[in-house]
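Student: I'm new to this one and would like to go through it with you. Could we start with the ligand and then move on to the rest of the chain?

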Amino acid sequence: MTAGQALADGALALQAAHKESPFLDAGLLLAAAMGYSRDKLLASRSEQLPDYSLKTLRGYIDRRLSGEPVAYILGYKDFRHLRFFVDRRVLVPRPETEHLVELVLEMLPARDVLAGGAPIRHHDAFAGCGCVGLSIAHERPDVKVSLSDASGDALDVLSENAKLLDTARPGGAVQWSLGSVLSAAAAPLDGISANPPYVSSSFVDEMDTQGNKEPRMALDGGSDGLDLYPLIAAQALPLLKHGGFLALEIGDEQGDAVSRILAAAGFSGIRVIQDLAAQDRVVCGVKP
Ligand SMILES: C[S@@+](CC[C@H](N)C(=O)[O-])C[C@H]1O[C@@H](n2cnc3c(N)ncnc32)[C@H](O)[C@@H]1O
């Protein structure tokens with residue numbers, strides 16, 4: 001069988017099972033099974049597929065058909081400029097979370113060029129594989145970044161990524177620790193980011209019955225998905241410097257509710273940022 005035929009077979013099997021982006025996914029899985037880049041795969045469609053690659057591809061397609069995300073099968077997910085190792089212990093980073101990183105990069109104070117100024121400090125809570133906090137650390141090497149998560153499993157994945165991405169820098173490496181909500185964060189902070197679980201429990205139940213493989217702890221935000229936001233807002237305020245900011249990813253119907261939660265906690269300058277699909281995605285507030 002040629003690579004092109006294997007690609008078509010794989011894509012048709014995924015399409016028949018109503019998987020999203022069947023052709024893209026089959027291409028990624030076939031490239032991984034052959035040990036090729038996707039570009040090399042496109043130029044090799046007439047090549048005969050060795051038996052071991054075909055067997056590997058069929059195993060990958062079966063895993064995808066059983067509901068496993070492509071990122072778990074490949075063992076990585078690309079996010080902004082970096083590649084993150086992921087497995088079943090963490091949520092797969094979503095492209096829309098890149099808006100949270102963009103907002104943090106926009107809000108963080110500019111680098112203090114005068115020697116002796118206080119270091120700029122940022123904390124990313126609910127860190128998962130580290131895609132938000134480690135991206136910020138990578139793009140702002142002058143900022144001291146700390147990360148935390150309540151899952152020891154997630155922190156193990158995060159620590160692999162911190163080592164792989166070599167986030168050590170002059171003035172100290174990125175730090176991470178176990179802790180619920182913001183209990184592991186230390187004042188004074190210039191910024192706090194978080195992508196907490198915000199899916200309603202009933203919707204996660206439905207996802208589970210359809211074969212969801214991501215950790216329930218990374219998704220389930222309680223009956224309306226909003227359980228954690230009041231806690232985050234209350235704990236963030238005393239940790240932030242005056243003028244410091246809190247940036248939170250939200251579900252697309254949670255913009256008004258989370259804005260009200262931030263206002264009630266004492267934040268000002270509250271704004272909602274939309275994603276590329278024009279859905280509310282990030283809420284941000286400033287400590288007066
Ligand atoms: C939606 S995932 C976000 C992961 C990552 N920041 C991302 O954007 O892909 C939420 C994360 O919050 C963690 N988590 C759940 N409940 C928590 C809590 N009460 N305190 C701290 N972290 C929690 C989960 O382990 C999970 O890694």
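Student: Which residues are closest to the ligand, and how many surround the ligand in total?

Tutor: In this predicted model, 20 residues surround the ligand, and the closest of them are Phe 126, Gly 128, Ala 150, Ser 151 and Asn 195. Two elements give two or more residues to that shell, namely helix H7, which covers 131-139, and helix H10, which covers 216-219.

Student: And how do the residues of that shell divide into nonpolar, polar and charged?

Tutor: The shell around the ligand has 14 nonpolar residues, 5 polar ones and 1 charged one.

Student: You mentioned H7, so at what angle do H6 and H7 pack?

Tutor: Helix H6, residues 98-107, packs with H7 at an angle of about 40°, and their axes are 10 Å apart. Because of that angle, H6 counts as oblique to H7, and the crossing in which H6 passes H7 is right-handed.

Student: Which residues make the contact there?

Tutor: From H6 the contact is made by Leu 100, Val 101, Val 104 and Leu 105, while H7 brings Val 132, Ser 135, Ile 136 and Glu 139. Sorted by class, the contact of H6 with H7 has 6 nonpolar residues, 1 polar and 1 charged.

Student: Switching topic, which domains does the assignment give for the chain?

Tutor: The domain assignment gives domain 1, which covers 3-66, and domain 2, which covers 89-286. Taken over C-alpha atoms, the centres of domain 1 and domain 2 are separated by 35 Å.

Student: What about H2 and H4, how do their axes cross?

Tutor: The axes of helix H2, residues 22-34, and helix H4, residues 51-65, come within 9 Å and cross at roughly 140°. H2 and H4 are therefore oblique to each other, and their crossing is right-handed.

Student: Which residues meet in that pair?

Tutor: Asp 25, Leu 29, Leu 30, Ala 32, Ala 33 and Met 34 of H2 meet Ser 53, Thr 56, Leu 57, Tyr 60, Ile 61 and Arg 64 of H4. By class, that contact of H2 with H4 has 8 nonpolar, 2 polar and 2 charged residues.

Student: Last one, where is the cis peptide bond?

Tutor: The cis peptide bond joins Ala 187 and Pro 188, with omega about 0°, and Pro 188 is found in the loop between strand E5 (175-178) and strand E6 (189-194). Arg 80, in the loop between strand E1 (76-79) and strand E2 (82-85), has a positive phi, near 50°. Most residues other than glycine have a negative phi, and most peptide bonds are trans.

Technical notes:
Residues numbered from 1 in each chain as written. Predicted model: local features only at pLDDT ≥ 70, side-chain atom pairs only at ≥ 80, totals over all residues. Near = placed C-beta within 6 Å. Helix = DSSP H or I, 4+ residues; strand = E, 2+ residues; numbered from the N terminus. Nonpolar A, V, L, I, M, F, W, Y, C, P; charged D, E, K, R; others polar. Domains from an automatic or database assignment. Axes fitted to C-alpha atoms, helices over the stretch in contact; angles between N-to-C directions. Parallel < 35°, antiparallel > 145°, perpendicular 65-115°, else oblique. Left-handed = near helix turned anticlockwise from the far one by under 90°. Contact = placed C-beta atoms within 7 Å.
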